Amino acid sequence: MESDHIKLKRMLSGWDGATSMICSIIGSGISVSPKAVPSNVGSPGMSLVIWWVSGLISLVQAFIYAELVFTFPEAGSEYVFIRQGFGNYLAFFYMWIATVFQQSASRAIVSLTLSTYLCQVIWSDC
């Protein structure tokens, strides 16, 4: 007897991946420091050049990740890449450091930014 459960198709398209990256970059990077670049550079044109170069670097990083994903089609992302290149010990060590420090620091920065902007909406003198 066949099951009558409805199941979702497990697939992500290139558009899904691109929008995920764009949202994470805009959500964390641009909202954290929108006025830091223009205030330190002093020129609107130069600040646009810096934003453009930063976007180009992010694009190159996305292409590198895409090539790695097609080369090693396994679940695990950076753990798999480091394990294939440098061995199990360094891959485990990297993931331990990333979990304890990198991911928690990233979440803290996004939370701090959200709370700062939310406080400015609620209390105008914040």
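A polar contact is taken here as a pair of N or O atoms within 3.5 Å, where within protein one atom must be able to donate a hydrogen and the other to accept it, and where residues adjacent in sequence count only if both atoms are side-chain atoms. The structure is a predicted model, in which local features need pLDDT of at least 70 and side-chain atom pairs count only at pLDDT 80 or more, while totals for chains, interfaces and linings use all residues. Residues are numbered from 1 along each chain as its sequence is written, and side-chain values use heavy atoms, with hydrogens and water left out.

The secondary structure of the protein amounts to five helices and zero strands, in the order α-α-α-α-α along the sequence; helices (H or I, at least four residues) and strands (E, at least two) are DSSP runs numbered from the N terminus. The predictor's confidence in each residue, pLDDT, runs from 0 to 100; its mean over the protein is 78, and 84% of the residues reach 70 or more. Confidence is lowest in helix α1 (residues 14-32), with a mean of 67, and highest in α4, with 85.

Of the 126 residues, 8% count as buried, a class that means under 20% relative accessible area, whereas exposed means over 50% and partly exposed lies in between (1.4 Å probe, protein chains only). Ser47, in helix α3, counts as buried because its relative accessibility is 6%, and a polar atom of its side chain lies 2.7 Å from the backbone oxygen of Pro44. In helix α5 (residues 88-122) one finds Thr99, which is partly exposed at a relative accessible area of 46%; here a polar atom of the Thr99 side chain lies 2.8 Å from the backbone oxygen of Met95.

A pair of aromatic rings is described by the distance of the centres and the angle of the planes. Rings of Phe, Tyr and Trp (its six-membered ring) pair if their centres lie within 6.5 Å, and planes under 30 degrees apart count as stacked, over 60 as edge-to-face and the rest as tilted. The structure holds two such pairs. The ring centres of Tyr65 and Phe81 are 6.2 Å apart with their planes at 65°, so this pair is edge-to-face, and it links distant parts of the chain, 16 residues apart, with Tyr65 in helix α3 (residues 44-71) and Phe81 in helix α4 (residues 78-86). Tyr65 counts as partly exposed because its relative accessibility is 28%, whereas Phe81, at 13%, counts as buried. Trp96 and Phe101 form an edge-to-face pair with 6.5 Å from centre to centre and 80° between the planes; Trp96 is partly exposed at 45% relative accessibility, and Phe101 is partly exposed at 49%.

Phe63, which lies in helix α3, counts as exposed because its relative accessibility is 55%.
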